[in-house]
Structure formats: structure tokens, C-alpha cells
Amino acid sequence: MSRPPFLELPPGAESFRLSTPRGEFAVSAAGRPRLGTALLVPGFTGSKEDFVGLLAPLADAGLRVAALDQRGQYETPGPAEETAYAQSELARDVHAVAEAFGGPLHLLGHSLGGLVCRAAVLADAAPFRSLTLVSSGPGAVCAAQQKRIGLLLEALPALGMAEVWDAMGRLDPTEAPSAETPPRTAEFLRRRWLTTVPQQLVATARQLRDEPDRTAELAAVGLPLHVLSGEEDEVWPVPWIDAMAERLGARRTVVAGTGHSPNAERPRETARALAAFWSDVAVSPHR
């Protein structure tokens, strides 16, 4: 579970609801598009707040940057039907948001968001200038994570969201706010969990467990690609991510001193790597 480094939007940033033909999406955005617009898509149990530390440095680098809650996540509503959260439906949402912002844009997905963004690109790459996968792997998550997903899928139908939240904290303290977590952040993490649609969690958990390896398909698209991760990753082992990047012919960045969420753990270092890639894409024709 990603933990934002802070919750306050930086000066000049704004939060709003973006209207699209597929509904409204909660968005936080900042900057002007001198180097283009970047759309940031969060992962499993995440939200736009996971990218709050990237907004100011990316805006300063010359980008219009927008982070969203996917449907059924935190402040973006969604129906109580699992079929609404099929990967193809989430990918169509990405296309709708991209169209609402206008023009080809840089696409970034963290973890599960990377799988969704990959599906969007494979469906139609035309709206995108590049794709960055952050802590996202070639296919299904590792065996240990599949086991945890299995426990979650068993618990959610039997227990309410509040009971599952409490149980996660007891069974795995790393998933619960610690004594060092600021009270406001701890309250946010619980509120975000409780406002996520349970059917969204079930459907996307199954995607993490069952996702096929689509690396070869993505490599064939010809879009500029960037694979970024921490030095360690408990969801997809770093050697898996390394091998995927090589197969993709992608730029590879490892953010020192971080794990599964470099965007939240060391946002300024992550933003520098992202801005450098997007700056290179801006001056290098690719299609």
C-alpha cells in the first residue's frame, strides 16, 4: 500500500473532477505543458495522492502533470459490479481521460496502474507519446503476493471493508500505519481504503494474480518506453523487471533507496528521471 509523503497539494496545483464520456474522474494537476502533458495512473489500493510528491518537480520541469483516481478508487465513483472493473474497461477509462486532456500525452502507470496503462496502449497507442511503467512487471505478481491476494479474495465477501482493514493491520503490520505515521496520513489511508469500491478490489486483485506476460506485444508497438522501479520490490522481483525492460528495449531507471513505490518514497529523484525521459521524447521523433 503506497503512502503519500504528504497530503497537501503544492502551490499552483489544483484538484477537480474531470468530465468524460465515461463519467467523472477525481484529478489533481499542476504545471503547463511546455514538454507535454503526463497522465499518472495509480495502482492497487492506491489513489492520485500517491503522486502528490511528483506534481511540483514535474511542473517545474515544464510538464502539465495530472494524477487521477481510477474508477472505484477513493474519490472517483464506480458501480458495485465486478464487470465494471475488467482491465479492458479500466483501459477505456484511460483513453477517455487522455481525450479529455487533449493531444498525445505521456502515460505512466504504477504497479496495477502499469498493467492498465499497458492495456490502453495495446488497444490504441495513438493518444500517447510514451509509456512509463513504475514498479510494474511483465505478468502476474510473484507467488507470495498471489497468496496474499488469495487471502484478500476470501476475506472481502465475508467481512466488511472496515473489518478487512483491521485484519490486515493485525496480520501484516507493514500494511498498517505505524507509530511514526502522521495522524492525518493514517486517517487518510483508512478513509481511502473504506471509500474504495469492494468490487474494484476484487476485480483488480484477480488481474494482479492472473495477468499474462504481454511484453512482446508491447515491444512491437514502437512507443518510447521507460521502466522505473526501486532497488527492491516485493510484488514483482527486480530481476523480473530488469528482464522485462531489456525485452522491451526500454530506458531503465532504478531509484536508489526505494521499494515498490519510488514515486512516494523518493519523489524528487523519481521526478528527475521521469522529466529527463520525457524531455528526450519531446525532442526525438519516434513514429
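A residue counts as buried when its relative accessible area is under 20%. T270 has a relative accessible area of 1%, so T270 is buried. This model is predicted.

**Around T270**

T270 sits in helix 11, which runs over residues 267-283. Which residues does T270 touch, once those up to four places away in sequence are set aside? They are L54, L228, V255, P262 and N263.

**The whole protein**

The fold holds eleven helices and eight strands. Of its 287 residues, 56% count as buried.

How does the radius of gyration fit a compact globule? For 287 residues, such a globule would have a value near 19 Å. The protein has 17 Å, which agrees. The C-alpha trace spans about 50 × 40 × 40 Å along its principal axes.

**Surface and charge**

The protein exposes about 11,800 Å². Carbon and sulfur atoms supply 54% of that area. The protein carries 28 positive and 34 negative charges. Their mean positions lie 3 Å apart.

Values for the whole protein are gathered here.

| Property | Value |
|---|---|
| Radius of gyration of the protein | 17 Å |
| Span of the C-alpha trace along the principal axes | about 50 × 40 × 40 Å |
| Separation of the mean positions of positive and negative charges | 3 Å |

Conventions:
Residues numbered from 1 in each chain as written. Predicted model: local features only at pLDDT ≥ 70, side-chain atom pairs only at ≥ 80, totals over all residues. Heavy atoms only, no water. Helix = DSSP H or I, 4+ residues; strand = E, 2+ residues; numbered from the N terminus. Buried < 20%, exposed > 50% of the residue type's maximum accessible area, 1.4 Å probe, protein only. Contact = heavy atoms within 4.5 Å. Rg over C-alpha atoms; globule rule 2.2 N^0.38 Å. Areas by Shrake-Rupley, 256 points an atom, 1.4 Å probe, with all protein chains shown as cover. Lys, Arg positive; Asp, Glu negative; His and termini not counted. Charge placed at Lys NZ, Arg CZ, Asp CG, Glu CD.
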